[in-house]
Amino acid sequence: MAEDSDSEKTESATPRRLEKAREEGQVARSRELSTFALLVAGFGMVYANAGNIAMHLKVGMRTAFTFDRAFVMAPDRMMPKAMIIITLGAKCAAPVIGALYLAAILSPMALGGWLLTTKTLAPNFGRLNPISGIGRLFSANTIVQLGMSILKCLVVGGVAFWAVVASKDQVLQLFSQPLGVAMTEGAQIVAGTIGKIVLAFLLLVIADVPWQLYSYAKKLRMTKEEVKREFKESEGDPHIKGKIRAQQRAMARRRMMANVPQADVIVTNPTHYAVALQYSDSSMRAPKVIAKGMDLVAARIKEIGAEHKIPVLEAPPLARALFYNVDLNKEIPAALYSAVAEVLAWVFQLRRWKVEGGIGSVAPTAPTDLEVPAELDKHGSVA
C-alpha cells in the first residue's frame, strides 16, 4: 500500500514499536563488533598467559614424545599418560575458551543489549517467498554487507601482508638462531602481526556499527498514520478519554459537594466564585478549603449551603484569593489568616446569637474591608 512505502515512513519508531520489535527478536547487531570482541578476547588471553601456555605445551610435548619401553610392555599405562596430556592441553585452552565464551555473550550487549526470545524460532513461510528473497538479495543492507566483506578481506589481508613483509628479515634470521631464541622471537613476530590485524579490524567496527544503527532505525520507521493509530491503541481514543475525564471530574465534584454541609462558612464573589471553609481548633492547624467552584458549581455550592443553613459572606477579594491560591482539602496560606479569622469570628458570633434566640438584639455585623494581599488577588477585575 502507498501508506507503507519507504518514502512515506518519515517518523522515528515509537517506544512501543521498538519494544514490539525487540520482542520479535529485532535488535541492532554488528557481526564485525562481535568478531572484533572475539579477536581481542582470544588474542589478549593468549598474550597474557603466554608463559603458562608455553610451559604446559612444553611439558605436554615432552610427555607425549618421550619413549618409554614400559608403556610398550604395559598398554594399560597409556591411558593415564593420555589423561596427563589432555589435562595439560585443557589448562592451555581453558582460559582462552573462557575468554571467547564471555566475549560471545557480552559483545551483543554493547549494541542492542541482551536479548533472549523464542519468536525467531517460529516458522515464517513468508521467508520462502522468492520475490521477497530477491528483494533482500539486492537490498541496500545486502550491498553494504557485501562491501563490508570485501573491505574486510582487503583490510585484514593487506595488513597481514604488510606485517609479514615488514618482518621478513626477522623471520629469515630465525633459521640461524638457537631453537629457544627462535621460538621466542617467532612468537613475538606472530603476536605483533595478530595485534596489527586486530587494530585494523577496529576500523571495520567503527564503520559498521553506525551503519547498523542507522539501518535498524530506518527499518523501524513509521508513517504518520501508523504513529496516530498506535497512539490511539496505546493511549485510547481521545473522545473516550475525554468522556472518562468528564466522568472523573463529575465524581470528584459530587464528592466535593458532599463536603459542603460540613462547612462553617461559604465565601462568595458573589456571582462567579464560592469557597466553603471549615475549621476545628481541636484537629486543624488552620482553616481549610473543603469545596470551591465557579459559575454553576459556585451556584450549586451556595444552594447546598442554603439548604443546610450555612452562613454566606460576600467578600469578592477573599473569595478570589481562596479560589486561586488554595487547593481542595488544603489549609489556607498564612497571608490569609487575618482575613479568615475575622470571617470565622463573625460566624461564631452569629451562631451564639442564634442560640440565644436572636430576639431583641441586632445580628452581628458581617465583616467588610478584609485585608487580602494584592498578590493573592490577581483576578480582582472579575466581577
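# Reading helix packing and a sheet

Me: At what angle do helix H2 and helix H9 pack, and how far apart are their axes?

Reply: This is a predicted model. Two packed helices are described by the angle between their axes and by the distance between those axes. Here helix H2 (residues 31–48) and helix H9 (residues 179–219) pack at about 155°, and their axes are 9 Å apart. Angles over 145 degrees count as roughly antiparallel, so H2 is roughly antiparallel to H9.

Me: Is the crossing of H2 and H9 left-handed or right-handed, and which residues meet?

Reply: The crossing is left-handed. From H2 the contact includes Leu 33, Phe 36, Leu 39, Val 40 and Phe 43, and from H9 it includes Ile 194, Val 198, Phe 201, Leu 202 and Val 205. By class, the residues of this contact divide into 13 nonpolar, two polar and three charged.

Me: How do H2 and helix H5 cross?

Reply: The axes of H2 and helix H5 (residues 78–106) come within 8 Å and cross at roughly 155°. That makes H2 roughly antiparallel to H5. The crossing of H2 and H5 is right-handed. On the H2 side the contact is made by Ala 37, Leu 38, Ala 41, Gly 42, Met 45 and Val 46; on the H5 side, by Pro 95, Val 96, Ala 99, Leu 100, Ala 103 and Ala 104. This contact of H2 with H5 has 11 nonpolar residues, one polar and no charged ones.

Me: Now the sheet. In what order do the strands lie, and which are the edge strands?

Reply: In a regular strand, side chains alternate between the two faces of the sheet. Here four strands form an open sheet in the order E3-E2-E1-E4, with mixed pairing. The edge strands are E3 and strand E4 (312–314), each pairing on one side only. Neighbouring strands are turned by 20° against each other on average, direction ignored.

Me: How many bridges join strand E1 to E2, and how many join E2 to E3?

Reply: Strand E1 (residues 265–268) is joined to E2 by four bridges, and the two run antiparallel. Val 267 has Val 275 in E2 as its bridge partner. Strand E2 (residues 273–278) pairs with E3 over six bridges, also in the antiparallel sense. There, Gln 278 has Lys 288 in E3 as its bridge partner.

Me: Why is strand E3 largely enclosed by the rest of the structure?

Reply: Five of the seven residues of E3 (residues 288–294) are buried, so the strand is largely enclosed.

Me: Which strands does helix H14 lie across?

Reply: Helix H14 (residues 337–355) lies across E1, E2 and E4, and runs at about 130° to E1.

Terms used: Residues numbered from 1 in each chain as written. Predicted model: local features only at pLDDT ≥ 70, side-chain atom pairs only at ≥ 80, totals over all residues. Heavy atoms only, no water. Buried < 20%, exposed > 50% of the residue type's maximum accessible area, 1.4 Å probe, protein only. Pairing = 2+ DSSP bridges. Axes fitted to C-alpha atoms, helices over the stretch in contact; angles between N-to-C directions. Contact = heavy atoms within 4.5 Å. Parallel < 35°, antiparallel > 145°, perpendicular 65-115°, else oblique. Left-handed = near helix turned anticlockwise from the far one by under 90°. Nonpolar A, V, L, I, M, F, W, Y, C, P; charged D, E, K, R; others polar.
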